[in-house]
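Have the viewer open as you read.

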Amino acid sequence: IMYGQICSCMILFTQHSRRGLLMKKIVFIIGSGRKNSFNKTLSQVAAKALEGKAEIEVVDVLDVPLLNQDEEFPAPAGVQKVRDAVMAADGVWLFTPEYNYSIPGTVKNILDWLSRPLTSDYEKKSETAIAGKVVTASGVGGRNKTAGSLAVVKQQFLALRTKPVEPFNGFSLPVTAWTEGTWEPEPEVHEAIAQQAEDFLAAL
């Protein structure tokens, strides 16, 4: 092996290592399971803002069964999958709709599971999958701009002993989104999410 080949290999290895060190992993939790969910569309705006800067894994809230302490240990497969993703991630970004000025049951359920201890040994203090994680949240909905649900999310994040990165961004859908079932996020949405993504990455 020639010296030049060794140098080239070392340079490629160094560049790959740097990319690995700089690339953060973020879990997206989308609180709506609807196929054409507006909050899924919002998450795609965030994914575009994070492109080339972070690895993204999306967890499916519909794979997580309702919390039942009779079936907590061992954790159901869907719950363990979410826990593993969150524990391996540097941060979590939650996208939530607003139902009756609060979060939907899918979001509360997944946060409840993430709040539970990882082992059944209650004599020892057991950590959770999400404690200490850097988190943020966004939402899109009606005229209230998901202010109610994001306020609840803030309380939940504090209860879960996470590290919230604010402000959380909430947006209002145009009438056409409701009548046509699709939404093309406005430029101001892209701008706000891009700034939120920048702030989030800086906190990781």
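## Ground rules

A crossing counts as left-handed if the near helix is turned anticlockwise from the far one by less than a right angle, and as right-handed if clockwise. Helices (H or I, at least four residues) and strands (E, at least two) are DSSP runs, numbered from the N terminus.

This is a predicted model, so to speak of local features needs pLDDT of at least 70, side-chain atom pairs count only at pLDDT 80 or more, and totals for chains, interfaces and linings use all residues. Residues are numbered from 1 along each chain as its sequence is written, and side-chain values use heavy atoms, with hydrogens and water left out.

## The whole chain

The protein chain has seven helices and six strands, and from the N terminus on they run α-β-α-β-α-β-α-β-α-β-β-α-α. Of its 204 residues, 42% are buried (under 20% relative accessible area; exposed is over 50%, partly exposed in between, with a 1.4 Å probe and protein chains only).

Take the contacts (heavy atoms within 4.5 Å) with a separation of 6 or more: 79% of them join residues 24 or more positions apart. The accessible surface (Shrake-Rupley, 1.4 Å probe) is about 11600 Å², with 55% of it belonging to carbon and sulfur atoms.

## Helix 2 against helix 7

Helix 2 (residues 38-49) passes helix 7 in a right-handed crossing. Helix 7 covers residues 187-203, and the two pack at about 55° with axes 9 Å apart; axes are lines fitted to C-alpha atoms, for helices over the stretch in contact, and angles run from 0 to 180 degrees between N-to-C directions. The pair is therefore oblique, the label left over once angles under 35 degrees (roughly parallel), over 145 (roughly antiparallel) and 65 to 115 (roughly perpendicular) are taken out.

Who makes the contact? Helix 2 brings Leu42, Val45, Ala46 and Ala49, and helix 7 brings Val189, His190, Ile193, Ala194 and Ala197. That splits into eight nonpolar, one polar and no charged (nonpolar: Ala, Val, Leu, Ile, Met, Phe, Trp, Tyr, Cys and Pro; charged: Asp, Glu, Lys and Arg; polar: the others, Gly among them).

Most residues other than glycine have a negative phi, and most peptide bonds are trans. The bond from Phe73 to Pro74 is cis, with omega near 0°, and Pro74 sits in the loop between strand 2 (54-59) and helix 3 (77-88). The bond from Glu166 to Pro167 is also cis, with omega near 5°.

Asn100 has a positive phi, near 55°, and is exposed at 74% relative accessible area. Arg161 has a positive phi of about 60° and is partly exposed at 41%.
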